[in-house]
Amino acid sequence: MRAEFAHEQAQTYLRQRNRFAVLAAVLGLTALVSLGAAVTRDEQVVLVPITAERITVSSGGIDAPYLEFVTRDTALMLLNRAPESLDYWMANILKLADPAAHGRLKAELVRIVEEQRGSDISQAFVIAEMHVDPKALTSTVTGTLKTFVGAQVIASQRRSFRFRWSKRGLSLALAGFEQLPTDKEEPGQ
């Protein structure tokens, strides 16, 4: 009788062990399939809507519309400045900076801040056109750069600026910017 009971108890434990083994195998297979899908699939982040179209950033590359929006916002932040907001202006541009270019960009911005601090000179930029190259991660913005002393416009010139970007994972960072020479200027002036 005890042998029958022991055999029956052993069979119950054996069935239970087999069910756990099958469950473990199914969970292991599910984990492997999920891991494979995660590794081979492009990662995407859905961005806050700032336009009627849907914009995403994926690990596969930067879309031209996204690069255009980032360039637009950066150009307006960088090129619209007043003496009262220079510290805020510089801090926010440096938040966009690529860590590899942070020191160089900060040196350029500090030079601008030192030139403009304590003056009544402000500037405003009105974008007229923009060209982006998502493959090269560059963008060019052309528009009117107005310089003010107090409330009076002392200069209004058509200018172009080039922005260089770097991509690390899903983040896009400012690697550099420069003013392009106009038709009337020679490079280096």
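Reply: Start with pairing: two strands pair if DSSP finds at least two bridges between them. Helices (H or I, at least four residues) and strands (E, at least two) are DSSP runs, numbered from the N terminus. The model is predicted: local features need pLDDT of at least 70, side-chain atom pairs count only at pLDDT 80 or more, and totals for chains, interfaces and linings use all residues. Residues are numbered from 1 along each chain as its sequence is written, and side-chain values use heavy atoms, with hydrogens and water left out.

Me: What makes E3 and E4 a pair?

Reply: Twelve bridges join E3 to E4. The rule asks for at least two, so they pair. The two run antiparallel. Val126 stands opposite Thr144 in E4, and Ile127 stands opposite Gly143. Ala124 has Lys146 in E4 as its bridge partner. Four residues lie between the strands of this hairpin, where Leu137 takes a positive phi near 55 degrees.

Me: How do you know that E4 and E5 pair?

Reply: Again by bridges: there are twelve, in the antiparallel sense. At least two are needed, so the pair stands. Ser139 is opposite Phe163 in E5. This hairpin has two residues between the strands, and Gly150 takes a positive phi near 65 degrees.

Me: Why is the contact of Arg117 with Asp87 called a salt bridge?

Reply: The term needs a side-chain nitrogen of Lys or Arg within 4 Å of a carboxyl oxygen of Asp or Glu. In this pair the closest N and O atoms are 2.8 Å apart, so by the 4 Å rule it qualifies. Arg117 sits in the loop between H4 and E3, Asp87 in helix H3 (residues 86-95), 30 residues apart. The count by this rule comes to six salt bridges.

Me: How many residues of the lining of the largest pocket are nonpolar, polar and charged?

Reply: Seven are nonpolar, five polar and five charged. Ala, Val, Leu, Ile, Met, Phe, Trp, Tyr, Cys and Pro count as nonpolar, Asp, Glu, Lys and Arg as charged, and the others, Gly among them, as polar.
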